[in-house]
Amino acid sequence: MLYQWLYSLSDQSPLFNVFRYITVRTFVAFFSSFFLCLIWGPAFIEKLKIMSFGQSIRDDGPEGHKKKAGTPTMGGGLVLLTSLVPILLWMDLRNPLVLAAIFITWTFGLVGFVDDYLKVSKKNTKGLSGKIRLFLEFLISAATLYVLIKYFNFSTSLSFPFIKHWVFDLGYFYIVLGSVVIVGTANAVNFTDGLDGLAIVPIVVSGITLALFAYVAGHVTIANYLQIPHVAGAGELTPYAGAIIGAGLGFLWFNAYPAQMFMGDVGSLSLGGFLGVMAVLTKNEILMILLGGVFVVEALSVITQVASFKMTGKRIFKMAPIHHHYEKQGLDETKITVRFWIISILLAVLSIASLKLR
């Protein structure tokens, strides 16, 4: 926690006083992780190649994806590693909300790492059993929320965007709801990660939006003015989000078409878990459906495809998730990706509008 030491020097020089500001530490964390990602990226990719951590491609996937076989995967590990340094330097690690966010992000990343490792070691796309993976994710989420509620008085109330009077106290049932949000977001991001750069930009856009919500939720005056739930200590999540966002943009440098590496499950599950826990900790559980609309549609396309095939023997889409459906229709990969980016930005703007439209 370098910032606390620097802030302690403010008695000797007013210059060091800036380090107490959340905004300053957010920008420092953002640029620190971004440039670390750019610097470490080439060596990280080379290490993945040496270890033969290459991507396995589905046999029934789009024809154009066959050439991507062998592209280094597990690139999400680079995001985690490069964000860790500014997290340790510029954040208050005594804050339970920050610790909860870090714990969810990294443990989900660990689950994803095991899944990725099984895939690359067996040279197939199966990986960790879906039931085991979901069990571990729900266990991690539920345990984290229980500790926050039991020992740190975390609110169990649920509010609705655009409707200021709809607030319900769910008690310990909130653990179930919060876990569904976190696990659902993580796996929806996992479904979205199928084209070069497709998932990381909506992750960054959603992360920026949630960083803004964390800042205003943690500021009692602003929260009361906007009539949103005040969450004590939530402001400290802003520099945490800044570190993840910076690392995410650095990862995009290498993941943009044609991708030099893929994020893998270690990236999609950890970053999806990050978005989910940020939504829960800032009391934007319901709003996450709108903000993460791209992820929601991707997940629903898989769910409806599987349900339809099991019940009727017919498929709704040419291939699920839906971005592969558009590929099968002949749409160019980069066009699909950029259009999904545009949609994610539009949804973020609508989500931010909910701050005033209440």
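**Close-up views of a predicted model**

View 1. Sorted by class, the lining of the second largest pocket comprises 12 nonpolar, 3 polar and 1 charged residues.

**View 2. The largest nonpolar core around Phe154.** The largest nonpolar core has 78 residues, and the ones with the most contacts inside it are Phe154, Ile200, Ile203 and Leu281. When residues up to four places away in sequence are not counted, Phe154 touches Leu97, Leu148, Ile149, Tyr174, Val231, Val280, Leu281 and Lys283. Another core, of 8 residues, lies apart from the largest one and includes Leu198, Val294, Ile336 and Phe340.

View 3. Most residues other than glycine have a negative phi, whereas phi of Lys283 is near 65°, a positive value. Lys283 counts as buried because its relative accessibility is 5%, the cut-off for buried being under 20%.

**View 4. Met74 in the loop between α2 and α3.** Met74 is found in the loop that runs between α2 and α3 (76-90). Phi of Met74 is near 70°, which is again a positive value in a residue other than glycine. With a relative accessibility of 4%, Met74 counts as buried.

View 5. Most peptide bonds are trans, but a cis peptide bond joins Tyr257 and Pro258, with omega at about -10°. Pro258 lies in the loop between α9 (237-255) and α10 (264-281). A cis peptide bond also joins Ala320 and Pro321, where omega is about 0°, and Pro321 is placed in the loop between α12 and α13 (322-328).

**View 6. Phe35 on helix α2.** Phe35 is found in helix α2, which covers residues 22-50. The relative accessible area of Phe35 is 44%, so this residue is partly exposed, a class that lies between the cut-offs of 20% and 50%. Phe35 and Glu46 are 11 residues apart in sequence, and their C-alpha atoms are 18 Å apart in space.

**View 7. The whole chain as the setting for the close-ups.** The secondary structure of the chain comes to 14 helices and 2 strands. Along its principal axes, the C-alpha trace spans about 65 × 45 × 35 Å. The chain has a radius of gyration of 20 Å, which agrees with the value near 21 Å that a compact globule of 358 residues would have. Of the 358 residues, 53% count as buried, and among contacts in the chain with a separation of 6 or more, 75% are accounted for by residues 24 or more positions apart.

Definitions and conventions:
Residues are numbered from 1 along each chain as its sequence is written. This is a predicted model: local features need pLDDT of at least 70, side-chain atom pairs count only at pLDDT 80 or more; totals for chains, interfaces and linings use all residues. Side-chain values use heavy atoms; hydrogens and water are left out. Ala, Val, Leu, Ile, Met, Phe, Trp, Tyr, Cys and Pro count as nonpolar, Asp, Glu, Lys and Arg as charged, and the others, Gly among them, as polar. A nonpolar core is a set of buried Ala, Val, Leu, Ile, Met, Phe, Trp, Tyr and Cys residues joined through side-chain atoms within 4.5 Å. Buried means under 20% relative accessible area, exposed over 50%, partly exposed in between (1.4 Å probe, protein chains only). Contact means heavy atoms within 4.5 Å. Helices (H or I, at least four residues) and strands (E, at least two) are DSSP runs, numbered from the N terminus. The radius of gyration is taken over C-alpha atoms; the globule rule is 2.2 Å times the number of residues to the power 0.38.
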